[in-house]
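Please open the structure in a viewer and keep the selection tool at hand.

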Amino acid sequence: MSRAEVHRAPSGSHAERFDLAIAGGRLFDPADGTFRPADLGVAGGVIAAIEDRIDPSTADKYVDVQGAMVTPGLTDLHVHMYPGATYWGIDLDHVSVASGVTAVADAGSAGPYTFDGLARIMRNSVLTAKAYLNIAQGGLATPYGELLAPGAADVAAAVRVARTYPDLIIGFKLRASPNTVGENAAECLAAVRRAADETGLKVMIHVSEAPPDLSTVLDHMRESDVLTHCFTPYDNCVVGSGGRPRAEVLAALERGVLLDVGHGSGSFSFPAAEAWAQSGQPMPIISTDLHKRSVLGPAFDLQTVMTKMLVAGSTIEEALRSVTVRPAVVTHTEARLAVGAPADVAVLDVLSHPENVWDSRGMERVAPRQLRCRLTLLKGDVAFVDSGVRVAGI
């Protein structure tokens, strides 16, 4: 959001009046990680003006956010949004918008035999929804074991479904752990790689325990593929036993592989996240792995996971980039505050009082400050407002 940018829509479009004005905020530019004080005007579902001050009388609805951070809507790259047909799925809309999330990626809930139903849920969601298609035929209908049977990975069907839904499917998902692939790890890794190569799409691979070992998994990953559960407390963590990033992980980063937190209920370790931050390596994408267990803790929501990453050593600017531009590149969505951009906006505040947070093994840390969502806009409409925020005109 350069200061040289034209900050008002052309005369004759939305120059006279706004549907909503957000005043008193600090607008975050994820491109360079900076803040600037400015007011934001919305009309017709897009950002119509960014100005030093917007007159309240020019807006149908008006809110003074009193120094809070105004950011592009957040993206949660790892969720499970297929309730009823899968073990893990939940209705994500409310918990997402209450955290400032406007875009999500379902991480393999559906396989090629079950994706039609998920597609309907995605198209009816208030969120911008994308998906990784599970390489397992039926996806996550059961909690574990979707690829224990030989031949359970159907590459031809996965490729066909991905080509049927090019607007929804961004890649393929594999859970590479003993309770999901068993002795079929080599077959399943080869299958997900083949599906991606045939379609030009990417892969997301879940790790926890070995086998397969992390080196084997990374050997099957290419630029813009995503390794999720990077701070798992199990032996496939990206941080080695000596507390340093593993050499094979650094080599993968060099060739463009991306790391994702994917907190979930059992996939986040404070010692690993802290060691990674201390190493000086870039922060990974921050995501929740929200499902029917983790939404009850210890993940809870994206704000909680972001707060834990602050405790681990991330700056606020890094954390915001890790839930805006970094995942948006993967989902092919926008993450910017600029005139003409869709008005998907989150207003976040920092609360400064100590609060205990814990990782997947119950290890506690004191968070001296926590992130909290105050307001969420979806295409210019107020989708969530915190009880302490007054939107005049509603």
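Is strand E2 (residues 34–43) largely enclosed by the rest of the structure or largely exposed? Strand E2 is largely enclosed, because 7 of its 10 residues are buried. Please bear in mind throughout that this is a predicted model.

**First stop: the strands beside E2**

Select strand E1 (residues 18–29) together with E2. The two strands pair in the antiparallel sense over 8 bridges, and Gly-25 stands opposite Ala-38 in E2. Next, select Gly-33, in the hairpin of E1 and E2. This hairpin has 4 residues between its strands, and Gly-33 takes a positive phi near 70° there.

The bridge partner of Leu-40 is Ile-50 in E3. The hairpin of E2 and E3 has 2 residues between the strands, and its Gly-44 takes a positive phi near 60°.

**Second stop: Leu-375**

Select Leu-375, which lies in strand E16 (residues 370–378). Leu-375 counts as buried because its relative accessibility is 1%, which falls under the 20% cut-off. Beyond its neighbours within four places in sequence, Leu-375 is in contact with several residues, including Ile-22, Val-63, Val-345, Val-347, Phe-384 and Val-391. For a sense of distance, select Thr-232 as well: Leu-375 and Thr-232 are 143 residues apart in sequence and 32 Å apart in space, C-alpha to C-alpha.

Select strands E6 to E12. They form an open sheet of 7 strands in the order E6-E7-E8-E9-E10-E11-E12, with parallel pairing. Strand E6 (74–79) and strand E12 (258–260) are the edge strands, each pairing on one side only. Neighbouring strands of this sheet are turned by 25° against each other on average, direction ignored.

Within the sheet, select strand E10 (residues 202–207) and strand E11 (residues 226–228), which pair in the parallel sense over 3 bridges. Here Ile-205 stands opposite Leu-227 in E11. Then select helix H2 (residues 115–124), which packs on the sheet and touches strand E7 (101–107), strand E8 (128–134) and strand E9 (169–176). The direction of H2 makes about 165° with that of E8. Helix H5 (residues 185–199) packs on the sheet as well, touching E9 and E10, and its direction makes about 170° with that of E9.

Which residues touch the most other members of the largest nonpolar core? Of the 91 residues in that core, they are Phe-115, Ile-135 and Phe-231. Helix H5 supplies the largest share of this core, 7 residues. Select Ile-135 and display its surroundings: leaving aside neighbours within four places in sequence, its contacts include Leu-147, Val-155, Lys-173, Leu-174, Val-192 and Ala-195. Apart from this core lies another, of 21 residues, among them Leu-27, Leu-40, Val-42 and Val-347.

**Last stop: the cysteines**

Cys-237 counts as buried at 5% relative accessibility. Finally, select Cys-373, which is also buried, with a relative accessible area of 5%.

Notes
Residues are numbered from 1 along each chain as its sequence is written. This is a predicted model: local features need pLDDT of at least 70, side-chain atom pairs count only at pLDDT 80 or more; totals for chains, interfaces and linings use all residues. Side-chain values use heavy atoms; hydrogens and water are left out. Two strands pair if DSSP finds at least two bridges between them. Axes are lines fitted to C-alpha atoms, for helices over the stretch in contact, and angles run from 0 to 180 degrees between N-to-C directions. Contact means heavy atoms within 4.5 Å. Buried means under 20% relative accessible area, exposed over 50%, partly exposed in between (1.4 Å probe, protein chains only). A nonpolar core is a set of buried Ala, Val, Leu, Ile, Met, Phe, Trp, Tyr and Cys residues joined through side-chain atoms within 4.5 Å.
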